[in-house]
Amino acid sequence: MRRVRYEHTGGPLFLEEVPEPVAGPGELLVRTEAIGVTLPVVRKVTEAAEPIPLGGEVAGEVVAVGEGVTRFRTGDRVTGLGFGHAYADLTLLHESMASPIPDGAGAVDAVALVRSGLVALGALEAARPVPGESALVTAAASGIGHLAVQLARLRGASRVVGAVSGSGKSAFVRALGADEVVTYDTDGWGAPVDYALDAVGGDLLTPAIGALAPGGRLVAYSSGGGTVRAHDLLVGARSVTGFQMARFAREDPERYERWRQELWRLFTQGTLRPAVHGEFTLEDAASAHAAIESRGNLGKVVLRP
């Protein structure tokens, strides 16, 4: 089978032929139909000290199951998060990280919706939104951010502000339901908001906290790091909460499953619309990474074997 690999920090990415993996205890062997490309994986390629397997969100058909698997069988269509080599024709998913794809939904829909939607919905829940409040979403055109904009509106936000890297993304974000769109280099991001969902971190933490109204809450879920100054929180009694999806998947699987079902329900109703920026082949994985690195994507970037 084919898989994408790299040999040193920074790449390049290349295709290689390797033997098919074998499903171990509790594992599913999945023939991939769609693979989600994420900023954390792109950053690991460019920043990690040693090469790592290119993991990520996958969707496809189960072609074999390992010992002890009870929830799935050969022929089932699933989506989930793989920690091994996901950029491949075949990949392994642990049963606990997989979920079924409903009838009528495609593999690209699943990759664009489930994992990104779980992060967006989890971050929104962590903000404790109250109907009628105002919301700010940074990276509002990203794979997660574009879903967060829609979910904030669906949860009753009276005003949604999308923050993006460039004005070329404004029309896309407004079409999602944002009332206002600001760029990161704007001095001041408009009227203060009650809560913010921040997917960027770094130098943008300060203006994002500054955009909060008194008593406002910011939920940070980016891999970009950054430093929060205590003074910025004391002024106006603001607060910051960190959110990590992996923790909920491990420690609260029942809530994780409820969120997953809610996402599919909203998708089926047509009220939550995942967007795909582009579909790339495994041979062109480098271009998929470049789309993420350039911050030019509008929605999810997907690989198709």
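## Second largest pocket

H2 gives the most to the lining of the second largest pocket, contributing five residues. This is a predicted model. S5, strand S7 (98-100), H2 and helix H8 (253-269) each supply at least two residues of that lining.

The volume of the second largest pocket is about 250 Å³. It is lined by 19 residues, of which Ser 96, Met 97, Ala 98, Ser 99 and Tyr 256 are the closest to its centre. By class, the lining of this pocket comprises 10 nonpolar, four polar and five charged residues.

## Largest pocket

The largest pocket holds about 1,300 Å³ of space. Among its 46 lining residues, those closest to the centre are Thr 38, Leu 39, Pro 40, Ile 144 and Ser 223.

H1 provides the largest share of the lining of the largest pocket, five residues. Elements that each supply at least two residues of this lining include helix H1 (39-47), strand S4 (56-65), H2, helix H7 (245-251) and strand S15 (300-304). The lining of the largest pocket divides into 26 nonpolar, 13 polar and seven charged residues.

## Packing of H2 and H3

Helix H2 (residues 107-126) packs against helix H3 (residues 145-154) at an angle of about 55 degrees, and their axes are 9 Å apart. The angle therefore makes H2 oblique to H3. The crossing of the two helices is right-handed.

On the H2 side, the contact is made by Ala 112, Leu 113, Ser 116, Gly 117, Ala 120, Leu 121 and Leu 124; H3 contributes Leu 147, Ala 148, Leu 151 and Ala 152. The residues of this contact comprise nine nonpolar, two polar and no charged.

Conventions
Residues are numbered from 1 along each chain as its sequence is written. This is a predicted model: local features need pLDDT of at least 70, side-chain atom pairs count only at pLDDT 80 or more; totals for chains, interfaces and linings use all residues. Side-chain values use heavy atoms; hydrogens and water are left out. Axes are lines fitted to C-alpha atoms, for helices over the stretch in contact, and angles run from 0 to 180 degrees between N-to-C directions. Helices (H or I, at least four residues) and strands (E, at least two) are DSSP runs, numbered from the N terminus. Angles under 35 degrees count as roughly parallel, over 145 as roughly antiparallel, 65 to 115 as roughly perpendicular and the rest as oblique. A crossing is left-handed if the near helix is turned anticlockwise from the far one by less than a right angle, and right-handed if clockwise. Contact means heavy atoms within 4.5 Å. Ala, Val, Leu, Ile, Met, Phe, Trp, Tyr, Cys and Pro count as nonpolar, Asp, Glu, Lys and Arg as charged, and the others, Gly among them, as polar. On a 1 Å grid over the protein atoms alone, a cavity is a set of points where a 1.4 Å probe fits but cannot get out, and a pocket is an open set with protein on both sides within 12 Å along at least five of seven lines; lining residues have an atom within 4 Å of a point. Grid points are joined across faces, edges and corners, and a volume is the space filled by probe spheres set on the points.
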